[in-house]
Amino acid sequence: MSSLKQLFGGGIRQYGMVLALLALLAYFQVATGGLVLTPSNAQNIIIGNSYILILAIGMVLVIIAGHIDLSVGSVAAVTGIIVAIALRDWGIPWWAGILLGLAVGVVIGAWQGFWVAYVGIPGFITTLAGMMLFRGLNQRIGHSSTVPVPEELQQLGAGYLPEWAPDTGLNNSTLLLGVLALAAVVWSELRRRARAARLEVEQPPLWVALVRVAVVGAVIAYVTYLFGSGRYGTSFPIAGLVLVALVILYNFIASRTIGGRHVYAVGGNRAAAALSGINIRHVNFFVMMNMSILAAVAGMVFVGRATASGPSDGNMWELDAIAAVFIGGAAVSGGVGTVVGSVIGGLVMAVLNNGLQLMGVGSDTTQIIKGLVLLVAVAFDVHSKVTGRPSIIGLVFPWLGKGRKGSGGTPGADDAQPEVPVADGATSRG
Amino acid sequence: MSENHHAVLEMRSITKEFPGVRALDDVTLEVRAGEIHAICGENGAGKSTLMKVLSGVYPHGSYSGDIHYQGEIVEFRDIRSSEQAGIVIIHQELALIPELSITENIFLGNEVRGRVGIDWETARQRATELLARVGLRASPDTLVKNIGVGQQQLVEIARALAKDVRLLILDEPTAALNEDDSEHLLDLLRGLRSRGLTCIMISHKLNEIEEIADSITIIRDGRTVETLDVRAGGIDEDRIIRGMVGRSLASRFPDHTPQIGETFFEVEGWTVEHPEVPGRLVCKQSAFHVRRGEIVGFAGIMGAGRTELARSIFGRSYGRYLGGTLRMDGKEIVVPDVLAAIRHRIAYVSEDRKTLGLNLLDTIQQTVVSANLPKVSNGPVIDHDRAYLAAEEYRKSLGIKAPSVRDGVATLSGGNQQKALLAKWMFTEPELLILDEPTRGIDVGAKYEIYGLVQRLANQGKGVVVISSELPELLGLCDRIYTVFEGRVTGVVDQADATQEELMRLMTGAPTPAR
């Protein structure tokens, strides 16, 4: 057990969600007789869920800051219809359509950010209004009809990376990505050891690093093989690539930048953040704006996959995204959560959906199971916090996400009850 | 005082363990009927844990040892069962609901049942009686958010009385109260004692304990050190401190020779309006100055406007600025927001570290760098290595007791949290530090360390402003003390001339007698 701890850096519980994902995959693989881990099914899972996972990235920042966004499905839908109509009727090129979609996200984000940050309407209300408003706008603009999108946009949603010589038996684009990922893992491990040496902190023995690299490397190799060995012309999906790029970018923003720290600070203790010189309004505006931009991206990925934009696109997406974030370890009270955790939470839901479907379980039962999984996952998290142990999800791998350790409190100390204060900052005695 | 001096409560050999920590180790507590029994100990000594065992927060079976109460062994499963036995605990953080009325709060969870639903008529009537008993002149329909902290404390006691309390446990009852309210509360406790109520009181204010307690049990590191009988005489603060820290503190304050330089920070005509009540001024033409190397105190009763003054100077983070100038090194500065204040090298270490100072979800490392992230960043990108090294440096130099700066700040004791908060503001490299109640709720040993840090900062040529409700602290620490009353700076006294009486007079607005 202690060697396992050394291997993973911080107690096996923190990998609960990763383990749950692996266990689910293994279970469904057996239960369906090997239908889950096939190249085409794996590609389908990514293509069919990438837009939800993109939403989860934005949603986790909103939730860390202590808000919620219920409008993301409607924002995605209105972006989809505007882009589809623009591409069909205005004769603009596909890339201009994507820029237009992003601009729509910016405008809508500014609208919601204005109400939340500068007028002080709670995000719940603002985005509940937005949910109706933008749904209506989608149906009004599109006359509640379906508008097809051109080939290039379909590539974004459901396309694959190119094939190129030489013949390796795998899709070479996927292979290249796999090699790059492997190199990144080795590089970050080296860097980590160099850092630890420089900071003179204790570091685990060399074999731990080697085993870790070997395990992660094996996973990467397998994933590369899984996605690269499909029928000719398929690869790791383009939508998945967009997702991976966004995960890397936003994980970096959340864990390594000043702006990211400010989001955690505002969610953790607003009053203390304000007295530390953080502009709360800017932070609130940024997270709401960012969410709408990512919703616009998700909307465009989706219409690409669906080949058309329709009046009921994006229904209930907000709930899937929120569920992913909470399964991924975020706290309702704000201040806690990680980008990587949320995406893994979303993948757990996606695999559940897919596996149950392949087993022939009806959508009614699937819903029941998903609901229970959400409840149990969060209950597990709450329980582990109450008992003072680290949260199950937190950092997935130290170099991927700067997770937040649970408070691991010493309950004996008179003064150490971790409680999350929710203060306005206006209270003052003296 | 009650004649029967038999023990109403005996806790024998109480041991309570948490994973990895033995919070209580064979603790014994004996409380006689009708007495006020104080429990003293540093933070983390196990006082609150012991009270949680007694009140059923930690149920029977989660600890070892016996509780004998009124002659029999009791096994409380939860708070409800201890309350049924007449044991009521009032926690340090008041458990009142601000949006409800006094009556509703008093009978919360203990509602007066009528034939259908709650009998509000009777409840209101009983609330009126209870308010009279605790000496609170307020309508029972007043919302709790509209009364002061001192009065809220009285409502808590009324609430305990409504439950037919026989053993009242008070955890730091006067920590948030000013001198007047504290005095009133202590009087009330004396009155209740004379009518036979038994009290257990946890407090860091040793002068109050000396004044009111009949017996004192001292706990250190989860063990009972001794029980002192105050009525037998010969017990003073120093005697209690010796028991608590296990050594005699030669002085409550470290030795310090002030090295006072030029005046570098000046405030003039500072006028600020209340943020919610237009027309009400919280600072009226306030003026003061701070010299380099000087520790300047601000005395005042609660609500006098000291925090308001400090926070309005600190980037107008409180109230509406109406007028006044700030000068630093002779040059006028404009500080419209907190960021500008930090840039002008002003730091404000807030009172109430848990709600205004710290993000309890952060690690020590994150806390230390949180008010000056650019210092450990390249552009917008934080360099976690530099942050780690910076935090390590403060952990060592301030003596923050934690295995690693990667530990959560919530796991620290109060004194160490305060040090982490101080480190956070020292990291902004301030020239002027405003410390608002820097030692509230922390133990004697930690106070001594904080005083040492304050003196060290002053000796580095910084100006330090200390706002405190404890006059002995101001008298022992500060070179000069301003008094504030109703938003006005009413006087300034040099340490050499300052007495508690003189300060009290100035901070209560009493007319100055001819000298």
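Helix α10 (residues 238-256) of chain A packs against helix α15 (residues 339-358) of chain A at an angle of about 140 degrees, and their axes lie 9 Å apart. Helices here are DSSP runs of H or I with at least four residues, strands are runs of E with at least two, and both are numbered from the N terminus. The axes are lines fitted to C-alpha atoms, for helices over the stretch in contact, and the angles run from 0 to 180 degrees between N-to-C directions. Angles under 35 degrees count as roughly parallel, over 145 as roughly antiparallel, 65 to 115 as roughly perpendicular and the rest as oblique, and α10(A) and α15(A) are therefore oblique to each other. On the side of α10(A) the contact is made by A:V247, A:Y250, A:N251 and A:A254, and on the side of α15(A) by A:V339, A:V340 and A:V343. Two residues are in contact if their C-beta atoms, placed from the backbone, lie within 7 Å. By class, this contact of α10(A) with α15(A) has six nonpolar residues, one polar residue and no charged residues, where Ala, Val, Leu, Ile, Met, Phe, Trp, Tyr, Cys and Pro count as nonpolar, Asp, Glu, Lys and Arg as charged, and the others, Gly among them, as polar.

The model is predicted, with local features needing pLDDT of at least 70 and side-chain atom pairs counting only at pLDDT 80 or more, while totals for chains, interfaces and linings use all residues. Residues are numbered from 1 along each chain as its sequence is written, and chains are lettered from A and ligands numbered from 1 in the order in which they are written.

Turning to chain A as a whole, one finds 16 helices and two strands. Of its 430 residues, 48% count as buried; a residue is buried if 20 or more other C-beta atoms lie within 10 Å of its own, exposed if 12 or fewer, and partly exposed in between, with C-beta atoms placed from the backbone. Among the contacts in chain A with a separation of 6 or more, 77% are accounted for by residues 24 or more positions apart.

Chain B is described through its domains, whose bounds come from an automatic or database domain assignment. That assignment gives domain 1 (7-245), domain 2 (263-345 + 430-507) and domain 3 (360-429), and the C-alpha centres of domain 1 and domain 3 of chain B lie 36 Å apart.

The interior can be followed through its nonpolar cores, each a set of buried Ala, Val, Leu, Ile, Met, Phe, Trp, Tyr and Cys residues joined through C-beta atoms within 7 Å. The largest of these cores has 187 residues, and those with the most contacts inside it are A:I54, A:L55, A:A56, A:I57 and B:V454. Its largest share, 17 residues, comes from helix α3 (residues 39-64) of chain A. Domain 2 (263-345 + 430-507) and domain 3 (360-429) of chain B both give residues to this core, so the core lies between them. A second, separate core of 68 residues includes B:C40, B:I106, B:A158 and B:V444. As for A:I54, when residues up to four places away in sequence are not counted, this residue touches A:L243, A:L246, A:L294, A:V297, A:A298 and A:V301.

How many residues of helix α9 (residues 306-313) of chain B are buried? The helix is mostly covered, with eight of its eight residues buried, and among them are B:R306, B:E308 and B:R311. Just after α9(B), B:G315 takes a positive phi of about 65 degrees.

Some local details of the backbone complete the tour. In chain A, the peptide bond from A:A165 to A:P166 is cis, with omega near -10 degrees, and A:P166 lies in the loop between α7 (151-158) and α8 (172-199). In chain B, B:S13 has a positive phi of about 50 degrees although it is not a glycine; B:S13 lies in strand β1 (residues 7-18) and is partly exposed, because 14 other C-beta atoms are within 10 Å. B:E429, also not a glycine, has a positive phi of about 50 degrees and lies in the loop between α14 (414-426) and β19 (432-436) of chain B, where B:E429 is exposed, with 12 other C-beta atoms within 10 Å.
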